Amino acid sequence: MTMEERTAKIEDYIAKLNAEWPEIEKILASHKLGLDTGRKPIPLCRIPPDMDFAMKDGHTEYEVTGHFDPDSDEFLLEQISRKLRAAGDI
């Protein structure tokens with residue numbers, strides 16, 4: 001496939017997406033969840049400040065400590081996704 005053919009194919013694809021965009025927006029708008037939990041929203045942050053906590057169950061206390069690398073470029077979900085993709089290649 002030549003470069004001109006590739007460019008024409010991409011332009012056709014973009015034109016098709018632009019033509020379908022109003023319908024896509026309608027579908028997305030119809031799937032909005034209007035959940036009101038009554039709770040104060042928690043702002044998103046890269047390193048959650050409250051990741052260390054303890055829970056008591058009967059006479060046993062469980063301590064959970066979260067560790068985040070502040071110099072990391074990946075979010076937790078990105079790491080999980082990458083590792084799952086790598087596991088699927090085995």
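This report describes a predicted model of one protein, from its overall layout to single residue pairs.

## Basis of the model

Residue numbers start from 1 along each chain as its sequence is written, and side-chain values use heavy atoms, with hydrogens and water left out. Because the model is predicted, local features need pLDDT of at least 70 and side-chain atom pairs count only at pLDDT 80 or more, while totals for chains, interfaces and linings use all residues.

The average pLDDT (the predictor's confidence in each residue, from 0 to 100) is 78 for the protein. A score of at least 70 is reached by 73% of the residues. Helix H1 has the highest confidence, with a mean of 89, and helix H2 the lowest, with a mean of 78. Where pLDDT is low, the predicted coordinates should not be read in detail.

## Layout and surface

The protein has 2 helices and 2 strands, in the order α-β-β-α from the N terminus. Helices (H or I, at least four residues) and strands (E, at least two) are DSSP runs, numbered from the N terminus. Helix H1 covers residues 3-30 and helix H2 residues 76-88.

Of the 90 residues, 1% count as buried (under 20% relative accessible area; exposed is over 50%, partly exposed in between; 1.4 Å probe, protein chains only). The accessible surface is about 9,200 Å², and carbon and sulfur atoms account for 59% of that area. Such areas come from the Shrake-Rupley method with a 1.4 Å probe; for residues, only the protein chains shown count as cover.

## Helix H1

At Trp21, shortly before Pro22, H1 has a kink of about 45 degrees. This bend is the angle between axes fitted to the seven residues ending there and the seven starting there.

The whole structure contains 1 salt bridge (a side-chain nitrogen of Lys or Arg within 4 Å of a carboxyl oxygen of Asp or Glu). Glu23 and Lys26 form a salt bridge at 3.7 Å, N to O. These two residues are 3 apart in H1, so about one helical turn separates them. Glu23 is partly exposed at 44% relative accessible area, and Lys26 is exposed at 56%.

## The strand pair

Strands S1 (residues 53-57) and S2 (residues 60-64) pair in the antiparallel sense over 5 bridges; pairing requires that DSSP finds at least two bridges. Lys56 stands opposite Glu61 in S2. The two strands form a hairpin with 2 residues between them, and Gly58 in the turn has a positive phi of about 70 degrees.
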